[in-house]
Amino acid sequence: MPASTYAEYTIAELLGWPLLHFVWQGALIASICAILLAVTRNARPQLRYALACTAMLACLLWPALGIVQQWQEPQTINLETAIQLAGKASISLDLVWVRQSLLAAQIEAWLPLVVTLWSMGVLLMLMRLALGLLWVYRLGQHGNDIAVLTQQWQARTNQLAYQFAIRRQVQVKFQQDLLSPVTYGCIKPVVVMPASLLTGMAPDMIEALLAHELAHIKRWDYVVNLLQNLVLSLLFYHPAVWWISKRIDAERELIADDMAAAMLGQTRPLARALQVLDKLQIAAMPQAAMAASGGDLLSRIKRLVRPDSQPWHWKMAAPVLGIAAALLLVLQTQVNATPESSEPSVPSAPVAAAKAEPATHISAYVKTSSEHVLVVDEQSGKVLLEKNADTIVPIASISKLMTAMVTLDAKLDKDEAITISKEDVAGWHTNQVKLLPGTVLSRQTLMELALIPSSNAAAKALARTYPGGKPAFVAALQSKTASLGLQATHLEEAAGISPNNRSNARDIARLVKAAAGYPELRKLASRSEGSYNVAGQTYDYQSTNSLTASKDWDISLSKTGYSKIAGRCLTMRTTIAGKPVIMVLLNAKNSDVRTDDVMHIRTALEAAKPG
């Protein structure tokens, strides 16, 4: 049966990521548009209008393409679902682990809220548009307050429409409570004229305004205006879309001015009409209609009376910074999760054997924050879950498990008093255990401090006082590594400070299983807290693995690790669904996401337990 892909789609992921990506995409589109408009500042307004409309169309299509890609690309499922699928005998499952940055994980948690707020905004914008359309419709229904003049101007409008080669019937109406001509309608266009202009303008000025509105009708600008407002409703949250929309409005008015002036054979009547509109300080019309007062009236008047070339201004170079910022943002914050490798890791199914019929082959895409994961059933040795388990990486303080085993193998006196030296405390040490030079502690106490609060000074003191000193201790480490068959493991010091203390998740699982064979290690490495005494003063400490203190967990051995290069590491032996399980998680971004991975793994394994 052909392979298929299993994925969980949510509206939040499907819409959320494209909407967030449009933050930089919109800035990039607007910046490029601004540069092109600056370059063509002295060209015909038709060219600038086409550029602005293209930019607006790109603002719509780019997020739409993002939604399509989000739908087509492999989506992730949660770990519980993946393991439940793996437990079905009729399904052959490949887990493809997906790398997800901490930033992506944090953003993804807010996607449902982002999509909800966006949906509410779109609804409000659509209501705004609907109210504007309703206002225009009612304006046309009642806009015939001066019936005596209607026939006269209707005849003149018909003549102008004929000159514009407009085949549609254009209706003219007059309205008392209107301060600027308004045009609406596609198939049956209507021009509503303010009745107040009949006494404040000469006939040739009114004729110029009518010619301007007929130019809009000739070009079907009302349709573009509606589409423009729909894009604004969908992408209302981005200032770049509003800026592009204003540029479309401005260039559209210039085109209509040119067409009206060309039809009338003169520019001054229209310029004087616009001057009157400017003096009236027209209030903004609803965006569902187009008003003659659109754009910058003063610049339109100046352009009609004395057209000049527009000089270059240094501010026109500002969009270059917008392009640079958008590109920098997309390079630094590739927040969409991507598969870590082209070859998916194939875990063994956590339940029984397959049925006789052919299995359905499915690839499931699963997110974890830890870079390397291995979960093993200790009794059977079956790998329940793995992710990059063979990659050799620094393991930091997980090295202390081997330090403890080598110390116990030497059968040294546990009660021997050891004095902390300056060499032991040099470098980085834990915050909760700060051993000072000259402090005297038993070897047993040092082993506890190395394993539970992960004291580097305690581990170095154990190595320094090993028979034969540190060289002998390192030799013992390497001998123990070889005897356990840990071929991917290399250790050169006791604390895990060195980045050369390296291993992989598979070797660490073997290391944990070997350490579990030491009763003393099981006792120490499963404790959640303890105390030690120095000069009559008692100091408390807690385990670096907070889960050891939880009553919900049955942990029989645990060790964490951390360094800048190794990230947050954790290995532990615990019981899940009645079976001893060894978990290894390496290179998580922080302790919280590492703990989240552990909790998801346990929930998934418990869900996969046969009923």
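**Helix packing and its surroundings**

A: Helices α1 and α9 make a left-handed crossing. Left-handed means that the near helix is turned anticlockwise from the far one by less than a right angle; clockwise would be right-handed. The model is predicted, so local features need pLDDT of at least 70, side-chain atom pairs count only at pLDDT 80 or more, and totals for chains, interfaces and linings use all residues. Residues are numbered from 1 along each chain as its sequence is written, and side-chain values use heavy atoms, with hydrogens and water left out. Helices (H or I, at least four residues) and strands (E, at least two) are DSSP runs, numbered from the N terminus.

Helix α1 covers residues 11-39 and α9 covers residues 239-264; their axes come within 9 Å and cross at roughly 30 degrees. Axes are lines fitted to C-alpha atoms, for helices over the stretch in contact, and angles run from 0 to 180 degrees between N-to-C directions. The two helices are therefore roughly parallel. That term covers angles under 35 degrees; over 145 is roughly antiparallel, 65 to 115 roughly perpendicular, and the rest oblique.

Which residues of α1 and α9 meet? From α1 come Phe 22, Gly 26, Ala 27, Ile 29, Ala 30, Cys 33, Ala 34 and Leu 37. They meet Ala 240, Val 241, Trp 243, Ile 244 and Arg 247 of α9. Contact means heavy atoms within 4.5 Å. By class, this contact of α1 with α9 has 11 nonpolar, one polar and one charged residues. Ala, Val, Leu, Ile, Met, Phe, Trp, Tyr, Cys and Pro count as nonpolar, Asp, Glu, Lys and Arg as charged, and the others, Gly among them, as polar.

Phe 22 also belongs to an aromatic cluster with Phe 236 and Tyr 237. The structure holds six aromatic pairs. In one of them, the ring centres of Tyr 466 and Phe 473 are 5.5 Å apart and the planes stand at 75 degrees, so the pair is edge-to-face. Rings of Phe, Tyr and Trp (its six-membered ring) pair if their centres lie within 6.5 Å; planes under 30 degrees apart count as stacked, over 60 as edge-to-face and the rest as tilted. Both Tyr 466 and Phe 473 are buried. Buried means under 20% relative accessible area, exposed over 50%, partly exposed in between (1.4 Å probe, protein chains only).

Helix α15 (residues 443-451) and helix α16 (residues 456-464) pack at about 135 degrees, axes 7 Å apart. That makes α15 oblique to α16. Their crossing is left-handed. Arg 443, Leu 446, Met 447, Leu 449 and Ala 450 of α15 touch Ala 458, Ala 459, Ala 461 and Leu 462 of α16. The classes in this contact of α15 with α16 are eight nonpolar, no polar and one charged.

Burial is next. In helix α13 (residues 399-409), 10 of the 11 residues are buried, so this helix is largely enclosed by the rest of the structure. Lys 400 is one of the buried residues. Asp 221, in helix α8 (residues 221-234), is buried at 1% relative accessible area.

Last, the backbone. Most residues other than glycine have a negative phi. Asn 388 has a positive phi of about 50 degrees. Asn 388 sits in the loop between β11 (383-387) and β12 (393-394), and is partly exposed at 27%. Ala 577 has a positive phi near 55 degrees.
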